[in-house]
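User: Could you walk me through the charged pairs here, and then what is packed behind them? I'd like one connected answer.

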Amino acid sequence: MAEVLNEFPELTINHKGVDQSIMQRTCLVANTSNMPVAAREASIYTGITLAEYFRDMGNNVCMMADSTSRWAEALREISGRLAEMPAEQGYPAYMPSRLAEFYERAGAVRCIGSPDRKGSVTVVGAVSPPGGDMSEPVTTSTLNVVQVFWGLDKKLAQRKHFPSVDWNISYTNYFLALTPFFEGYDPQFIELRNKFRAILQEEGALSEIVRLVGRDSLTEDQKVVLEVARIVKEEFLQQDAFSDWDYTCPLHKNIGMMKTICTFFDAATKACLESDKESKVTWALIENQCSKELNDLAKMKFENPMQTVEQFQKKFGEQQEAIEKRFKTLMK
């Protein structure tokens, strides 16, 4: 909490073209673990009530609860003192319904009264399972209610990969609802997204093989999967701490980067599978001959996001043509 109070006043956010201190748009409800148990239990209700107050003014509010596990522990302490019948791991039997009531206060509304106004509350609840046990009651009860899950991975954080979101266990149930938007924006987006997920999932399986029997046991196209997955993780998913604008990325830049990486992946896989035995294209050859293209893939994230859609389309289009031309040369 002390870190928040020290660091937040130094941060700014651009709102309607004006830089403002984040603290001017932030309310903090602080109840640390050494405070009375009743205060810890009440804090989450105080936070969501504050969010609804600003929502009813016609604002869009994001409420972050850190953490609902500590809140559930406060519920358990109060329940024990009231001599209520405990459920799994000592939590009260009504804990899942209390969690559901909390999350269901989120949503977009049309406010009653005049002037006519719309507001919304988005709830982000942090869950801290003891020992990383995803089967404990608070985690399972939360996953039964929420529609989006970001699973943070300690190993990614230790490797300085931020945000440390595990792409294999994270999910959203809203994607079908968003499909018309993405198809209207770019019909290829869904196909690109599915290809990225397939590459990352296959990389997870191949990494196990590499740990057991070594990298030399992989075929050349499997080595391509490993290397392209590394590019996706480091040059697409990972934020750069030294970039002035890598904290945000417009959708058209995202899609351009995805198309360019997929162009390289498809061309490299095709070259490895279709090349002759006499002039076999290996990953080592690709890495040697396509060093410029690989370097350009690494530099995509540093492109200024303030460029227009047309500038990005031209830049990424030229990059994709250069990749295809390079692999045609390799196949000869």
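Analyst: Let's start with the charged groups: Arg215, Glu227, Arg230 and Glu234 are linked in a network of salt bridges, a salt bridge being a side-chain nitrogen of Lys or Arg within 4 Å of a carboxyl oxygen of Asp or Glu. Keep in mind that this is a predicted model, where local features need pLDDT of at least 70 and side-chain atom pairs count only at pLDDT 80 or more, while totals for chains, interfaces and linings use all residues. Residues are numbered from 1 along each chain as its sequence is written, and side-chain values use heavy atoms, with hydrogens and water left out. Searching the whole structure turns up 19 salt bridges. Side chains of opposite charge can pair when their charged atoms come close.

Asp296 meets Lys292 in a salt bridge at 3.0 Å, N to O, and Lys299 in another at 3.9 Å, N to O. Lys292 sits 4 residues from Asp296 in α12, about one turn of the helix; Lys299 is 3 residues from Asp296 in that helix, again about one turn. For exposure, buried means under 20% relative accessible area, exposed over 50%, and partly exposed in between, using a 1.4 Å probe and protein chains only. Asp296 has 19% and therefore counts as buried, whereas Lys292 is exposed at 53% and Lys299 is partly exposed at 44%.

Now for what is packed inside. In soluble globular proteins, nonpolar side chains tend to be buried together. A nonpolar core here is a set of buried Ala, Val, Leu, Ile, Met, Phe, Trp, Tyr and Cys residues joined through side-chain atoms within 4.5 Å. The largest one has 41 residues, and those with the most contacts inside it are Val224, Val228, Ile261, Phe264, Ile286, Leu297 and Phe327. The elements giving it two or more residues are α7 (175-185), α8 (189-213), α9 (220-237), α10 (251-274), α11 (283-289), α12 (291-299) and α13 (309-331). Helix α10 gives the most, with 11 residues. Take Phe264: setting aside neighbours within four places in sequence, Phe264 is in contact (heavy atoms within 4.5 Å) with Val228, Trp283, Ile286, Cys290, Leu294, Leu297, Ile323 and Phe327. Apart from that core lies another, of 18 residues, among them Ile48, Ala72, Leu75 and Phe102.

Helix α3 is worth a look too. The buried residues of α3 are Thr68, Ser69, Trp71, Ala72, Ala74, Leu75 and Ser79, and they pack against α2 (37-55), β3, α4 (95-103), β5 (118-126) and α5 (137-143).
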